[in-house]
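I opened my notebook today to get to know a new structure.

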Amino acid sequence: LDATHIAPAPLERLNERLDALLTQGNLPDVILCLSGFSHGPDIGHDAVSPLQAVETQVASYLAATRTLSGIPARRLPRLVLVTVAARRTGSETGQTLSGLLQMPLCGLSRVAAHELPDLRPLAIDLDTVSAETALDCICGEIALNDDESDVAYRGGSRLVARIVPVA
């Protein structure tokens with residue numbers, strides 16, 4: 001886990017929850033990429049701009065994707081991207097996308113799902129909820145281990161993309 005993108009206390013709880021899932025045998029092999037939980041101490045100051053942070057996150061995700069694409073399919077861990085308020089789901093009314101800078105990562109995850117299906121990449125977008133609720137969503141989604149590649153949580157409800165005919 002990249003500790004620069006999530007505060008130390010929630011990160012510690014996330015590790016504890018994932019360890020519990022592993023002990024129960026409910027944790028598939030995953031690589032978890034967290035984005036949007038905090039901006040870290042330097043973003044917004046002179047050291048690192050938000051755009052530089054996004055470039056770093058995109059480069060990290062691409063590096064993970066490239067590395068995993070060289071592993072035999074039967075041994076691949078699942079690549080899981082977690083963003084916060086990066087996408088519209090249709091259930092938001094009057095809310096802005098505070099995680100707009102994370103959209104390049106969401107796009108990369110969608111491309112990876114089509115181009116490298118053996119990776120089984122999963123993008124989870126959370127609304128701006130408490131750390132504990134975010135941990136519930138992340139751990140629950142990882143334990144579910146289904147075939148969805150793009151999931152959003154809004155108000156604690158799990159949403160997946162579907163094409164529905166318009167009357």
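**Entry 1: cysteines.** I started with a rule: a disulfide is a pair of cysteine sulfur atoms within 2.5 Å. By this rule I counted 0 disulfides. I noted that the model is predicted, that local features need pLDDT of at least 70, that side-chain atom pairs count only at pLDDT 80 or more, and that totals for chains, interfaces and linings use all residues. I also noted that residues are numbered from 1 along each chain as its sequence is written, and that side-chain values use heavy atoms, with hydrogens and water left out.

I then looked up accessibility, where buried means under 20% relative accessible area, exposed over 50%, and partly exposed in between (1.4 Å probe, protein chains only). Cys137 is buried at 8%, and Cys139 is buried at 5%.

**Entry 2: helix H3.** I took helices (H or I, at least four residues) and strands (E, at least two) as DSSP runs, numbered from the N terminus. H3 covers residues 103-115, which makes 13 residues. From first C-alpha to last it reaches 18 Å, close to the 18 Å expected at 1.5 Å a residue; the expected span is 1.5 Å times one less than the number of residues.

Which residues of H3 are buried? I found Leu105, Cys106, Ser109, Ala112 and Ala113. They cover an arc of only 120° around the axis, so they sit on the same side of H3; the arc is that of the directions from the helix axis to the C-beta atoms. His114 and Glu115 are exposed, on the face turned away from the buried side. The buried residues of H3 pack against helix H2 (50-69), strand S2 (78-84) and strand S3 (122-126).

**Entry 3: the cores.** I looked for nonpolar cores, each a set of buried Ala, Val, Leu, Ile, Met, Phe, Trp, Tyr and Cys residues joined through side-chain atoms within 4.5 Å. The largest has 18 residues, and Leu14, Leu18 and Ile138 are among those with the most contacts inside it. Elements giving it two or more residues include helix H1 (8-24) and strand S1 (30-34). H4 gives the most, with 6 residues. A second, separate core of 12 residues includes Cys33, Tyr61, Leu76 and Leu81.

**Entry 4: Glu141.** This residue lies in helix H4 (residues 131-144). Is Glu141 buried or exposed? I read a relative accessible area of 1%, which is buried. Leaving out residues up to four places away in sequence, Glu141 touches Leu122, Ile124, Asp146, Val151, Tyr153 and Arg158, where contact means heavy atoms within 4.5 Å.

**Entry 5: salt bridges.** For these I wanted a side-chain nitrogen of Lys or Arg within 4 Å of a carboxyl oxygen of Asp or Glu. How many did I find in the whole structure? The search gave 6 salt bridges.

- Asp150 and Arg87 pair at 2.0 Å, N to O. Asp150 is in strand S4 and Arg87 in the loop between S2 and H3, 63 residues apart.
- Arg154 pairs with Asp125, with the closest N and O atoms 2.6 Å apart. Arg154 lies in S4 and Asp125 in S3, so the pair ties together parts 29 residues apart in sequence. Asp125 is buried at 0%.
- Asp146 and Arg158 meet at 2.8 Å, N to O. Arg158 is partly exposed at 33%.
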